[in-house]
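Subject: Two-chain model, handed over with notes

Hello,

Here is the structure for you to look through. My notes follow below it.

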Amino acid sequence: MNDEKTEGGRREAGGERDKKKFSFGFPPSPLSPPASRVLDKRITLGLAVLALFLIAALFAPLLAPYDPFELQLKEGLALPSAEHLLGQDKLGRDLFSRILFGAQISLWVGLSTVTISLAVGCLVGAVAGFSGGWIDDLLMRVVDIFLAFPGILLAIALAAILGPSLRNVIIALSVMGWVGYARLVRGQILVVRELDYVAAARALGAGPFRIVTRHLFPNIAAPLIVEATFGIAGAIVTEASLSFLGLGVVPPTPSWGAMLSDGRSFLLLAPHLTAIPGIAILWVVMALNLLGDALRDRMDVKSR
Amino acid sequence: MARFLIRRLLWSGPVLLGVLTLVFFLIHLIPGDPIDVMLGERAADADRAALRAALHLDDPISVQYGRFLAGVVQGDLGRSLSTQRPVAGLVLSRYPATLQLAVAALLISLLIALPLGILSATRPRSIADTGGLLFSLFGISMPTFWLGPLLILLFSLKLDWLPVSGRHGIASLILPALTLGLGMSAILIRLTRSSLLEVLRREFVLVARAKGLPERRVILRHALRNALIPLLTVLGLQIGALLTGSIITETIFSWPGLGRLTIQAIQSRDYPLVQGCILAITATYLLVNLMIDLLYTAADPRVQYE
């Protein structure tokens with residue numbers, strides 16, 4: 001609460017800058033008044049949904065009323081009831097328990113993919129941006145080749161080649177994911193490295209590694225945080241897509257995408273098996289996108 | 001301008017070569033043996049060796065790579081392992097279905113996004129604006145493999161208005177195109193809105209209004225035409241999402257296009273066919289973006305490329 005007030009106060013004093021803050025991730029509208037409350041709402045809502053998601057993932061073994069792998073073949077395709085809150089899948093497994101354990105898969109894929117992509121992307125981007133010359137040219141040409149693959153095609157191809165497994169999905173998503181961060185970091189470093197304080201650091205005898213890690217990265221953290229928030233959302237959807245296509249995690253692992261794909265054969269008999277995993281994905285991804293939009297506005301990151 | 005075009009065209013070559021190389025080596029890194037796929041794992045060693053030699057799979061990888069590149073230049077993408085038919089022919093036969101789906105989805109997304117985007121931008125902070133923004137957040141976050149089955153459930157199974165799957169006439173196109181187009185419209189709404197808001201603050205809009213032009217004309221003739229230019233670039237990137245989105249959408253609706261062929265090829269471990277599909281999709285994407293870059297200079301003569 002206290003924090004909110006100071007934020008609001010600073011905003012009022014900010015004048016012209018404040019007008020930029022409103023509007024769901026869009027460039028400022030001339031008519032938008034300062035709207036810190038709307039912004040805070042977005043962050044609160046996003047964080048609240050994500051908190052639920054985290055609790056579901058971390059405490060799934062404690063919260064799940066049933067074993068997510070336990071078969072109850074006679075009760076297959078049962079609709080939601082008092083015993084089984086979200087019903088049972090074709091093998092009679094409790095859908096609510098599987099959704100909770102599915103959150104673990106999504107969380108793990110989202111975080112590990114973005115961590116690996118960020119690490120590789122930052123390294124490549126920093127080397128390219130800081131060294132310039134032919135190294136920069138070469139690295140950016142490699143980036144161009146990766147970017148030539150539309151959408152998630154490269155991830156589909158890699159997942160197909162490596163074979164379905166959780167580890168391979170993370171590899172496939174990371175191979176696709178690092179490119180965006182590399183371009184972002186390179187672009188930012190090209191701007192920042194010409195600034196006076198970098199020259200000052202260099203004059204004081206700081207080496208390239210120190211300049212990059214101590215002086216450049218802290219100044220480009222904001223766009224990276226925004227990008228990583230969207231990155232987690234993207235990784236979760238892409239994992240679910242791959243699992244939906246049968247290229248992701250192997251059954252009986254409860255991935256939301258695989259659950260949805262299973263349910264599709266019983267669309268008329270048991271529509272909840274398709275609807276519910278999709279709603280789970282939708283909520284988490286929507287919360288991350290909302291948070292990403294709000295952070296982008298708050299940190300004054302230019303939208304792409 | 002001419003220099004830019006030449007550079008842009010010349011640069012497409014190395015990128016395409018890089019893509020070809022990456023795809024070739026990815027496919028050849030596969031742990032499984034294509035001979036197993038064709039003959040089964042219990043085939044006699046002599047048969048396996050004979051087939052391996054017949055398919056030139058016993059050549060060094062560099063020779064295979066050279067032969068692959070030479071083939072691509074001549075439009076030969078090898079033969080499908082499962083049907084023995086030329087990959088290029090298979091890919092081409094599925095191309096029209098995907099093109100039809102993509103164009104229909106693009107039209108639907110523009111039909112949704114332009115009116116909603118204009119409405120949002122001209123009435124900021126109104127109910128229409130907030131509604132448009134919520135719709136776009138929903139659309140961006142919503143997985144297509146969830147929307148598709150739900151549309152089937154409602155319009156095909158419950159209401160029985162539209163076919164569940166297949167490609168038989170215009171009715172069967174509606175649901176797949178809607179599934180693919182809705183997500184894209186969400187992104188385009190945001191862009192139309194932000195781009196139009198930016199343009200509406202420019203002086204020429206003020207001049208148009210000062211001349212006493214009706215607001216409708218100011219927005220549609222003066223502002224919108226300028227606002228659409230940045231939309232063009234993003235459209236290029238979105239074509240990529242459309243192409244890969246078609247892989248999922250075609251799988252849901254059994255739409256006989258390139259995307260479904262890709263998944264079928266992956267499932268039957270038909271590697272030459274997988275390779276051909278990936279190349280066809282990527283080449284389309286590069287070509288569309290090349291055309292959009294050219295269109296861009298035509299649409300906005302002020303654009304200067306270095």
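**The interface of chains A and B**

In this predicted model, 52 residues of chain A are in contact with 47 residues of chain B; contact means heavy atoms within 4.5 Å. The area buried between the two chains is about 4400 Å². Carbon and sulfur atoms give 82% of that area. Buried area here is the accessible area (1.4 Å probe) that two parts lose on being put together, summed over both.

Some conventions before going on. The model is predicted, and local features need pLDDT of at least 70, side-chain atom pairs count only at pLDDT 80 or more, and totals for chains, interfaces and linings use all residues. Residues are numbered from 1 along each chain as its sequence is written, chains are lettered from A and ligands numbered from 1 in the order in which they are written, and side-chain values use heavy atoms, with hydrogens and water left out.

Between chain A and chain B the count is one salt bridge. The term stands for a side-chain nitrogen of Lys or Arg within 4 Å of a carboxyl oxygen of Asp or Glu. A:Asp293 pairs with B:Arg190 in a salt bridge, and their closest N and O atoms are 2.6 Å apart. Across the interface of chain A and chain B there are also three residue pairs in polar contact, both residues at pLDDT 80 or more. A polar contact is a pair of N or O atoms within 3.5 Å; within protein, one must be able to donate a hydrogen and the other to accept it, and residues adjacent in sequence count only if both atoms are side-chain atoms.

Which helices of chain A each supply at least two residues of the side that touches chain B? They are H5 (133-147), H6 (153-162), H9 (208-244), H10 (256-263) and H11 (272-298). H11(A) gives the most, with twelve residues. Helices (H or I, at least four residues) and strands (E, at least two) are DSSP runs, numbered from the N terminus. By class, this side of chain A has 38 nonpolar, nine polar and five charged residues. Ala, Val, Leu, Ile, Met, Phe, Trp, Tyr, Cys and Pro count as nonpolar, Asp, Glu, Lys and Arg as charged, and the others, Gly among them, as polar.

Chain B has twelve helices and zero strands. Its C-alpha atoms fill a box of roughly 85 × 60 × 30 Å, taken along the principal axes.

Chain B is divided into domain 1 (2-73) and domain 2 (90-299); the bounds come from an automatic or database domain assignment. Their centres, taken over C-alpha atoms, are separated by 33 Å. The contact takes 17 residues from domain 1 of chain B and 14 residues from domain 2 of chain B. About 1400 Å² is buried between these domains, and carbon and sulfur atoms give 78% of it. Between them the rule finds zero salt bridges. On the domain 1 side, helix H1 (residues 2-28) of chain B gives the most, with 13 residues. That side divides into 13 nonpolar, three polar and one charged.

**Local points**

- The whole structure has nine salt bridges over all chains. One of them joins A:Arg186 and A:Asp136, with the closest N and O atoms 2.6 Å apart. A:Arg186 is in helix H7 (residues 166-192) of chain A and A:Asp136 in H5 of chain A, 50 residues apart.
- Just after H4(A), A:Gly132 has a positive phi of about 65°.
- A cis peptide bond joins A:Pro251 and A:Pro252, with omega about 5°. A:Pro252 lies in the loop between H9 and H10 of chain A.
- B:Asp160 is not a glycine, yet has a positive phi of about 60°. B:Asp160 sits in the loop between helix H7 (144-158) and helix H8 (171-200) of chain B.

Best wishes
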